[in-house]
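Please keep the viewer open as you read.

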Amino acid sequence: MKRTLYIPDELWTQLDQYLKNQPEQNPSSVVQVVLAEKLRPKNASRLLSLAGIVENAPTDASVNEDYLIQAKTALKKIFK
């Protein structure tokens, strides 16, 4: 499926520079990779564990409202 996108000249110039160093890629492949990364569900469990704040956080911790409320309550207790 083809789509038309508006890309400002400044970004296109940056993309051209990038592609000079990455000849195996093309504008379409770069846009596809960036979109896939941007739209991928976030997994905050490792970050929370690394920070030492939460252990065994669920993979949907960054978007799970109930979990976020519990984490916020725990942080308030820590930083009183």
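The paragraphs below begin with the ground rules and the chain as a whole.

This is a predicted model, in which local features need pLDDT of at least 70 and side-chain atom pairs count only at pLDDT 80 or more, while totals for chains, interfaces and linings use all residues. Residues are numbered from 1 along each chain as its sequence is written, and side-chain values use heavy atoms, with hydrogens and water left out.

Start with the fold. The chain holds four helices and zero strands, where helices (H or I, at least four residues) and strands (E, at least two) are DSSP runs numbered from the N terminus. Following the sequence, you will read the pattern α-α-α-α. Of its 80 residues, 12% count as buried; here buried means under 20% relative accessible area, exposed means over 50%, and partly exposed lies in between (1.4 Å probe, protein chains only). The chain exposes about 7400 Å², and carbon and sulfur atoms supply 57% of that area. These accessible areas come from the Shrake-Rupley method with a 1.4 Å probe, and for residues only the protein chains shown count as cover.

Now turn to the pockets. A pocket is an open set of points on a 1 Å grid over the protein atoms alone, where a 1.4 Å probe fits and protein lies on both sides within 12 Å along at least five of seven lines; lining residues have an atom within 4 Å of a point. Grid points are joined across faces, edges and corners, and a volume is the space filled by probe spheres set on the points. The largest pocket has a volume of about 260 Å³. Its lining includes Met1, Trp12, Pro27 and Gln32. Helix 1 (9–21) and helix 2 (27–39) each give at least two residues to this lining, and the largest share, five residues, comes from helix 2. By type, the lining divides into eight nonpolar, two polar and two charged residues. In this scheme Ala, Val, Leu, Ile, Met, Phe, Trp, Tyr, Cys and Pro count as nonpolar, Asp, Glu, Lys and Arg as charged, and the others, Gly among them, as polar.

What is the volume of the second largest pocket? The second largest pocket comes to about 200 Å³. Among the residues that line it are Tyr6, Leu11, Val30 and Val34. Helix 1 and helix 2 are the elements that give two or more residues to this lining, with helix 2 giving the most, four residues. This lining divides into nine nonpolar, no polar and no charged residues.

Helix 2 deserves a visit of its own. Its 13 residues should span 18 Å at 1.5 Å a residue, and its end C-alpha atoms are 18 Å apart, which agrees; the expected span is 1.5 Å times one less than the number of residues. Asn26, in the loop between helix 1 and helix 2, caps the N-terminal end of helix 2, with a side-chain oxygen 2.9 Å from the backbone nitrogen of Ser28. Asn26 is partly exposed, with a relative accessible area of 37%. Asn26 and Asp16 are ten residues apart in sequence and 9.2 Å apart in space, C-alpha to C-alpha.

Finally, look at Val30, whose place is in helix 2. Is Val30 buried or exposed? Val30 counts as buried because its relative accessibility is 15%.

Technical notes:
A polar contact is a pair of N or O atoms within 3.5 Å; within protein, one must be able to donate a hydrogen and the other to accept it, and residues adjacent in sequence count only if both atoms are side-chain atoms.
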